[in-house]
Amino acid sequence: MQGLTLKPLVTAMALTFALGACSSSTTGSGDTNLAPNVVAQQIIDNNAGNPFFKPYDTYLGIPDFDKIKPEHYLPAFKAGIAQHQAEMQAIIDDPQAPNFANTIEAMEFSGELTSKVASVFYNLTAADTNDALQTISKEVSPMLSSASDDILLNDKLFQKVKAVYDSRDSLGLNTAQSKLLDDTYKSFTRGGANLNDADKTKLRGLNDQIGKLSLEFGDNILAETNAFELVIDDKADLSGLPQDVINTAADTATKRGHEGQWVFTTSRPSITPFLTYADSRALREKIYNGYIMRGNNDNANDNKQILAKMAALRAERAQLMGYKTHAHFVLEERTAKTPENVYELLNKVWPAALAQAEAEVDVMQELIDSEGGDFKLAGWDWWYYSDKIRVAKYSFNEQQTRPYFSLENTLKGVFYTANRLFGITVKERTDLPKYNDEVRTWEVYDKDGSLMAIFMGDYYVRDSKRGGAWMNSYRQQYKMNGVDSKPIIVNVLNYPRPAAGEPSLLTFDEASTLFHEFGHALHGMLSDVQYRSQAGTSVPRDYVEFPSQVMENWMTQPEVLAQFAKHYKTGEVIPQELVKKIQAASKFNQGFATVEYMAATKLDLDWHTVTDFTPKDAAKFEAESLNKMGLINEIAPRYRSTYFSHIFSGGYSAGYYSYLWSDILGADAFEAFKENGIFDQTTAESFRNNILSQGGSKDPMQLYKQFRGKEAGIDPLLRSRGLLAK
């Protein structure tokens with residue numbers, strides 16, 4: 001599964017709240033006549049032991065996780081919002097004419113407390129949540145939504161911003177300053193600043209409803225995922241499964257109160273090996289249906305009405321703002337610009353991918369028939385029979401790679417690659433604060449020996465963690481307001497926890513995900529910008545995956561594999577024969593992989609190009625969408641609507657195409673390294689200086705052209721997936 005990157009929440013909150021304030025009603029004060037700074041100080045004075053209200057007494061200001069308790073979040077959010085209000089009022093009341101420093105930079109430099117608490121809260125609600133945090137989230141979400149609206153709909157503040165924007169050509173700003181001014185102005189206009197009072201009130205209501213529904217959607221999926229169990233008590237039903245998978249299932253069973261049995265869940269590390277290796281077709285069908293029916297069981301966790309309502313509300317909000325659809329609103333700020341451009345791209349790739357998938361179906365059906373199977377290939381058969389064909393055609397299956405890709409060795413491979421490319425080194429620390437005992441922490445040093453960042457890794461699946469893989473930050477890099485901030489970056493993944501006393505062994509794909517997510521981490525750690533809102537991965541959604549897609553390429557290079565792909569018992573380097581099999585098999589099953597992803601992408605766009613405000617019948621809408629694109633029955637979208645968290649409880653609405661868009665850039669960019677040498681220092685330095693260090697301080701496609709010398713072409717991607725017609 002491709003890694004999911006969350007745009008750093010500190011940046012998101014800084015952009016929202018460094019722009020502002022909220023009405024006194026959201027601060028929690030009983031006296032609405034008190035000045036916001038007085039409200040903030042009262043909250044702080046009444047919560048003297050709250051760790052958010054003073055600098056962390058920790059190394060490099062890492063959050064003091066041991067001292068932060070659930071009861072600390074709400075007071076800190078309320079005080080932070082009140083402080084923002086005071087900061088924004090000071091900007092409004094400034095008697096001097098508005099200029100870049102006293103208006104735009106003043107907004108950028110504000111909101112420290114809100115960013116501080118939000119960075120911890122939203123990281124933990126994703127990576128290590130609990131009932132208390134989920135309850136707080138329901139209260140905080142409308143509070144922050146209201147605060148954001150109060151900023152962006154404040155006409156006095158907007159007029160100050162507009163005055164600076166209107167004089168922009170005479171200000172002598174550099175590129176980063178110009179972009180900050182442009183982004184700030186757009187955040188107001190896209191936030192409703194030009195609406196009349198009645199429409200502003202309507203917009204507030206829409207934002208509030210959408211935010212609450214998004215939270216409910218995410219909570220339902222977490223509950224559905226945790227609720228499903230495939231409990232096996234007959235050892236014969238484990239036929240075909242590798243021993244390490246069986247061991248993990250036994251550990252899961254023990255943790256879930258099924259001692260002496262085996263439990264499989266719908267988390268990817270559990271369901272994927274079961275679908276790939278389990279001989280029992282009936283059990284494969286059961287767990288497959290458990291996965292694709294999440295949020296669609298007509299129970300308390302059903303998401304059909306929630307998502308349909310969200311899509312309708314988003315359409316209504318977009319048209320209120322003057323846009324044809326939600327997708328048009330979202331894509332205005334992406335490099336793709338319009339949904340029409342995205343559909344055009346998808347339609348270029350879809351025919352070749354679908355034809356390849358149909359050919360893969362034919363080959364698997366032939367195998368089923370040759371074995372005397374009296375059935376037609378179904379979705380729950382795909383992994384099982386495609387693996388059989390992979391073994392027959394290439395004498396290769398992913399289990400052969402596990403002994404060579406221990407988590408420990410793969411981390412060494414990631415760090416080796418980063419060192420060869422950019423000269424950075426790491427030093428693990430076991431004495432630094434962490435939010436869970438499983439988290440590992442490293443100091444990261446630049447090539448000149450200076451401390452550059454803190455890197456955290458959280459690698460194992462647990463019930464308190466949402467599915468997927470992502471990078472985030474507890475603090476971003478920036479140089480502003482007299483502060484040189486060192487970033488604190490985290491990678492969160494969901495690998496199966498190893499059996500007691502055994503190392504964590506990864507499949508080839510799981511190891512590739514580690515490289516992918518570290519590509520995001522490098523984007524955060526090598527950032528070198530002035531403004532926090534432009535740091536690291538604060539780039540358009542359809543650009544943010546690009547550096548991580550590039551990073552995956554190094555893992556498959558023989559020179560890199562020789563450094564870290566070593567047998568966990570013998571230390572033997574992965575045999576060249578096996579490497580050749582990996583490379584030969586790399587294009588195998590790409591029809592399926594591309595089609596399941598693109599089906600989800602098209603489904604996302606279809607939901608977000610609706611133009612009416614009446615909630616759809618979710619099941620009927622999805623069926624019509626999939627039928628319209630011609631998706632074959634043997635493949636389900638990577639995410640069906642009812643558990644499509646990326647678009648209904650994450651930041652990818654009308655943007656799931658971003659992985660493909662970024663992959664085009666990634667495949668094209670790696671061509672430069674292949675042309676000049678995969679560790680060519682001139683190319684690596686150009687990639688660092690033009691891409692990784694610049695964050696969102698410049699136009700991303702301009703930066704890409706500076707690195708590559710041309711626009712990206714689609715052929716490298718098609719070649720890499722074996723989809724280019726010969």
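How many salt bridges are counted between domain 2 and domain 3? The count between these two domains is two. The structure discussed here is a predicted model.

## Domain layout

The domain assignment divides the chain into domain 1 (36-194), domain 2 (228-293), domain 3 (303-394 + 589-721) and domain 4 (402-585).

## Interface of domain 2 and domain 3

The centres of domain 2 and domain 3, taken over C-alpha atoms, are separated by 29 Å. Contact between them involves 15 residues of domain 2 and 15 residues of domain 3. The area buried between domain 2 and domain 3 is about 1,400 Å², and carbon and sulfur atoms account for 53% of that area.

With regard to charged pairs, two salt bridges are counted between domain 2 and domain 3.

## Salt bridges

For the structure, the salt-bridge count comes to 46.

## Packing of helices α4 and α7

Helix α4 (residues 100-109) packs with helix α7 (residues 155-166) at an angle of about 120°. The axes of α4 and α7 are 9 Å apart, and the crossing of the two helices is left-handed.

On the α4 side, the contact is made by F100, T103, I104 and M107; on the α7 side, L157, K160, V161 and V164 take part. Classified by residue type, the contact of α4 with α7 comprises six nonpolar residues, one polar residue and one charged residue.

Note on methods. Residues are numbered from 1 along each chain as its sequence is written. This is a predicted model: local features need pLDDT of at least 70, side-chain atom pairs count only at pLDDT 80 or more; totals for chains, interfaces and linings use all residues. Side-chain values use heavy atoms; hydrogens and water are left out. Axes are lines fitted to C-alpha atoms, for helices over the stretch in contact, and angles run from 0 to 180 degrees between N-to-C directions. Helices (H or I, at least four residues) and strands (E, at least two) are DSSP runs, numbered from the N terminus. A crossing is left-handed if the near helix is turned anticlockwise from the far one by less than a right angle, and right-handed if clockwise. Contact means heavy atoms within 4.5 Å. Ala, Val, Leu, Ile, Met, Phe, Trp, Tyr, Cys and Pro count as nonpolar, Asp, Glu, Lys and Arg as charged, and the others, Gly among them, as polar. Domain bounds come from an automatic or database domain assignment. Buried area is the accessible area (1.4 Å probe) that two parts lose on being put together, summed over both. A salt bridge is a side-chain nitrogen of Lys or Arg within 4 Å of a carboxyl oxygen of Asp or Glu.
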